[in-house]
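Subject: Structure handover

Hi,

Here is the structure I promised to pass on. Have a look at it first, and then read my notes below.

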Amino acid sequence: MADPVTSAVLRRAVRIAVRRAGAPGDLRFTERQLYYEVCRVLLPLPRGLRRPTFTVPAPVRYPDFRAALAAHGPVPGLLAPEPPRTRPAGRHTTEPDLFDYGLPRLLVCESTEIAQMLRANGIPMESACPVVGADELPLDPRVAGMLTLVERSAVFLLHDATPHGLTFPDRVRALTPIPDGVRVVPLGLRPRQAGTLHATHRSAHAPRTIDAVVDPWEQDWLRHGRGVELAAVRPAALLRTVHRLVREVRIRDTATQWNRLRTTGFLTWPTA
């Protein structure tokens, strides 16, 4: 249990984090996303810092954060956990004519909570891309069939930067049939992307083996028992990046646009 001074600091950090997590525009966010926002409040890094590549340990234990959150009271924008979904994606629809249309893109999230957060903030409508969690696999065969009706359709994947998360693309193929000709596009999070963001990592037992293709920096990072959850990415940055990547926005190679997009996070996983 945290001492009174630490508890007071945490309560203040929660108040600040609540404002930041929902900005801009009253975004919806999960409890774990709020936890990582509290970590950024307690351990701020210089804005715009891009090098060197590194992640940082969490400055507060999760139980202490939860105690401060309980003392805070109701939090606007905080999503209540959804019950696990047991039916394959698509089987809940009452509109059979829906399956006569082509589906150009589908986003599958390793984290059920992240899938919930993306849906709550309108990504399916904003990006014209249905969002499902891993617990909703396998896909309804009719949904898979919709993907075959559009040229260059794609299943995009979001996962944690952990040894288990990096195997998510292979596990998706095992969990649900992907029609021939449909691209499977992992978007991350990869350890190097997490390092570019200077995200908060969590510690675990170092893996004996790493069943994914990683570069030397990532391998060393993973062998230290580190992992970064997708929830550690700022909510606004996650939404902006997912929208750009699933719509496959291309950046023209001009100095003016390059400098403009650098400030808005349209180069890689944004820092703000």
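Leu189 sits in the loop between strand E5 (183-188) and helix H8 (191-197); helices (H or I, at least four residues) and strands (E, at least two) are DSSP runs, numbered from the N terminus. The peptide bond leading from Gly188 into Leu189 is cis, with omega near 25°. There is also a cis bond between Ala23 and Pro24, where omega is about -10°. Pro24 belongs to the loop between helix H1 (4-21) and H2.

Before you go further: this is a predicted model, so local features need pLDDT of at least 70 and side-chain atom pairs count only at pLDDT 80 or more, while totals for chains, interfaces and linings use all residues. Residues are numbered from 1 along each chain as its sequence is written, and side-chain values use heavy atoms, with hydrogens and water left out.

Now for some backbone angles. Most residues other than glycine have a negative phi, and most peptide bonds are trans. Ala128, in the loop between H5 and E3, has a positive phi near 50°. Arg152, in the loop between helix H6 (141-147) and E4, has a positive phi too, near 60°. Ala128 is partly exposed at 38% relative accessibility, and Arg152 is exposed at 52% (buried means under 20% relative accessible area, exposed over 50%, partly exposed in between, with a 1.4 Å probe and protein chains only).

Next, the rings. The structure holds 5 aromatic pairs (rings of Phe, Tyr and Trp, its six-membered ring, with centres within 6.5 Å; planes under 30 degrees apart are stacked, over 60 edge-to-face, the rest tilted). One of them is Tyr35 with Tyr62, edge-to-face at 4.8 Å centre to centre and 65° between the planes. Tyr35 is in helix H2 and Tyr62 in helix H3 (residues 62-72), so this pair ties together parts 27 residues apart in sequence. Both Tyr35 and Tyr62 are buried. Ring pairs link Tyr35, Tyr36, Tyr62 and Phe65 into a cluster.

Trp217 and Trp221 both lie in helix H9 (residues 216-223), 4 residues apart, about one turn of the helix. Trp217 is partly exposed, with a relative accessible area of 24%, whereas Trp221 is buried at 2%.

Finally, helix H4 (residues 112-120): its buried residues are Ile114, Ala115, Gln116, Met117 and Leu118. Just after H4, Gly122 takes a positive phi of about 85°.

Cheers
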